[in-house]
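Here is a friendly walk through one protein chain, with the fold as a whole coming before the details. Keep the viewer open as you read.

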Amino acid sequence: MKEYSTRAKSDILDFFKENPHKQVSASEVFKGLEAKGSHLNLATVYRNLDRMTDEKVLIKYKSVDNSSSIYQFAESMDGHDCYNHLHLKCRSCGRIVHLECDFMKEIAGHLFEHHGFTVSCEGSVIMGLCKECGND
């Protein structure tokens with residue numbers, strides 16, 4: 001598949017680079033770009049999000065209520081490989097934590113050995129509360 005580079009894609013990529021630890025909807029991307037003076041329409045945002053998901057620049061998830069899609073920057077700025085580990089998401093503030101520890105390998109090994117189940121990390125999120133929000 002040919003990779004396209006357009007002003008719209010560049011603006012959307014910049015938005016995700018500024019928000020590397022968040023999962024956002026197309027509407028939130030649109031509103032964020034609009035606030036910066038962008039004149040993209042929502043259909044263009046959706047089209048680019050789908051293209052960037054196909055190119056593995058973004059990871060696409062279903063929302064908690066399964067009513068819409070949300071997106072996360074896959075090329076984390078701090079060297080995380082978001083296709084090869086699970087993510088923890090705070091249901092209060094939306095912060096994403098990358099689960100990149102040896103325990104991840106233990107979980108995957110246990111699930112395969114005892115349950116015959118192979119984990120696909122792409123799109124996998126464990127919901128809960130982060131330390132900051134859980135202490136309220």
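The report below goes from the overall fold to a helix, a strand and some side chains.

**Ground rules.** This is a predicted model, in which local features need pLDDT of at least 70 and side-chain atom pairs count only at pLDDT 80 or more, while totals for chains, interfaces and linings use all residues. Residues are numbered from 1 along each chain as its sequence is written, and side-chain values use heavy atoms, with hydrogens and water left out.

**The fold.** The chain's secondary structure comes to five helices and six strands. Helices here are DSSP runs of H or I with at least four residues, strands are runs of E with at least two, and both are numbered from the N terminus. Starting at the N terminus, the order of elements is α-β-α-α-β-β-β-β-α-β-α. Of the 136 residues, 38% count as buried, where buried means under 20% relative accessible area, exposed means over 50%, and partly exposed lies in between (1.4 Å probe, protein chains only). Looking at contacts (heavy atoms within 4.5 Å) between residues at least 6 apart in sequence, 51% join residues at least 24 apart.

**Helix H1.** With 12 residues, H1 reaches 16 Å from its first C-alpha to its last, close to the 16 Å expected at 1.5 Å a residue; the expected span is 1.5 Å times one less than the number of residues. Its buried residues are Ala8, Lys9, Asp11, Ile12, Phe15 and Phe16. Seen down the axis of H1, they fall within an arc of 165°, so they line one face of the helix. That arc is taken from the directions from the helix axis to the C-beta atoms. The cover over these buried residues includes S1, H2 (26-35), H3 (42-54), S2 and S3.

The ring centres of phenylalanine 15 and phenylalanine 16 are 5.6 Å apart and their planes meet at 85°, so the pair is edge-to-face. For such rings, pairing takes centres within 6.5 Å; planes under 30 degrees apart are stacked, over 60 edge-to-face, and the rest tilted.

**Strand S3.** All five of the five residues of S3 (residues 69-73) are buried, so the strand is largely enclosed by the rest of the structure. Ser69, Tyr71 and Phe73 point one way, while Ile70 and Gln72 point the other way. S3 runs antiparallel to S1, with three bridges joining them, and valine 24 stands opposite tyrosine 71. S3 is also antiparallel to S2 (residues 58-62), through five bridges; here isoleucine 59 has glutamine 72 as its bridge partner. Strands count as paired if DSSP finds at least two bridges between them.

**Proline 20.** This residue is found in the loop between H1 (7-18) and S1 (23-25). Proline 20 and arginine 95 are 75 residues apart in sequence, yet 9.7 Å apart in space, C-alpha to C-alpha.

| Residue | Relative accessible area |
|---|---|
| Phenylalanine 15 | 10% |
| Phenylalanine 16 | 0% |
| Proline 20 | 15% |
| Cysteine 90 | 3% |
| Cysteine 130 | 11% |

Note on methods. Rings of Phe, Tyr and Trp (its six-membered ring) pair if their centres lie within 6.5 Å; planes under 30 degrees apart count as stacked, over 60 as edge-to-face and the rest as tilted.
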